Amino acid sequence: MHNERLAETMEFPPETPQPNVYPLSWRRQTDKLEEVWDAAQRENWDPKHLCWDTFDVESYSWEEREAIAYWWTLLSVFDASAPPVFASAFIKTYEAHEEDAVRRCFFSVTRDEQNHEQMCGLAITRLLEHPDPLSYEPKTELGKKLQKNAKWLYYNGGRYWSGYKSAVPKYSLAVLFSSFLMGEIAAATIFHQMAEGCREEVFKEAFRNIGRDEGRHMAICMALMERDYPKMDLADKPLITKQVRAGYLFLSAVLFEPPPDFWDLPNDFIANQRAGEEVARAAGFHIPDYEAKKENWKKAMLNLKGVLDRYDIPFPAIPEVGISGQEVTDIDMASIIPVF
Ligand SMILES: [Fe+2]
Ligand SMILES: [Fe+2]
């Protein structure tokens, strides 16, 4: 009974049932995470304070503006879901009474992803003079095709949130980290490349910052895997293999091209996207081309494979980029964790 007054019947209260969401404990265990947190504090940035005054949007044609805005829209299909996704993982670190620095690190990832999402919004709003790429009225033929693509991407991404919500309580943090790592490795690579190749200063600055954030996120996952994987529950291994394959399918949409058996998209989707990328690239917005994307993605996968091999976790076959491994089938949007 909740109005029973225990304090009148005993000197000390009964044990609080565990897990209780708030650990009154600031246990320090993994020094690496303390370093990453310090770096996150030092490197915090504000998308509003980039060199926006050097950005002359009118020096671009409407076709170029719509093509570049499309890329930011594609990115935001992933980055706009990242704040709530990491916020859920952040809560889980409290429920699991994780060490203090783990809680802070997940807090920093949530904040960083919020910055990335803001950046997408600022770029899109300036380029389109409209804050919402789905209700915007396209001005060119290419813009119309790209908006159709954006609508399909948004629809597909929307199928993933309910799956994620039911996955978070089910899986251990160890499984979650491997899924996160996948996105972080891939993201760190693509943003560094875009920062290097991009002609527009404000985007260059943004990509540099985002790439650095993603590098820290990667370091957090790696430190946690090093801490936990040597004593991992064997039952988690096949789950990780499956999540890596799912991560490949999901993230391919932004890092490579969306696999049609997983992404529900119209037939002209890839052609439209390629046409948009071509225009953006010619305007100095550096999106890696098909071969470069494939190479990147393969490198990121092999990186991850190197990590998982150390712990005898079978790697899934990724024939799309020429990696052999364990065959994984029956993956759908409802059962995936990967984030960006
Ligand atoms: Fe991000
Ligand atoms: Fe990230």
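Reader: In what order do the elements of the chain run from the N terminus on?

Author: They go α-α-α-α-α-α-α-α-α-α-α, so helices and strands here are DSSP runs numbered from the N terminus (helices are H or I, at least four residues; strands are E, at least two). The chain has eleven helices and zero strands. By the way, this is a predicted model: local features need pLDDT of at least 70, side-chain atom pairs count only at pLDDT 80 or more, and totals for chains, interfaces and linings use all residues. Residues are numbered from 1 along each chain as its sequence is written, while chains are lettered from A and ligands numbered from 1 in the order in which they are written.

Reader: How many of the 340 residues are buried, as a percentage?

Author: A residue is buried if 20 or more other C-beta atoms, placed from the backbone, lie within 10 Å of its own. Here that's 44% of the 340 residues.

Reader: What describes two packed helices?

Author: The angle between their axes and the distance between the axes. Axes are lines fitted to C-alpha atoms, for helices over the stretch in contact, with angles from 0 to 180 degrees between N-to-C directions. Take α2 (residues 62-79) and α5 (residues 141-158): their axes come within 10 Å and cross at roughly 5°. That makes α2 roughly parallel to α5 (angles under 35 degrees count as such).

Reader: Which residues in α2 and α5 meet?

Author: Contact needs C-beta atoms, placed from the backbone, within 7 Å. Among those in α2 are Y70 and L74, and among those in α5 are L146 and L153.

Key:
Buried ≥ 20, exposed ≤ 12 C-beta atoms within 10 Å, placed from the backbone. Parallel < 35°, antiparallel > 145°, perpendicular 65-115°, else oblique. Contact = placed C-beta atoms within 7 Å.
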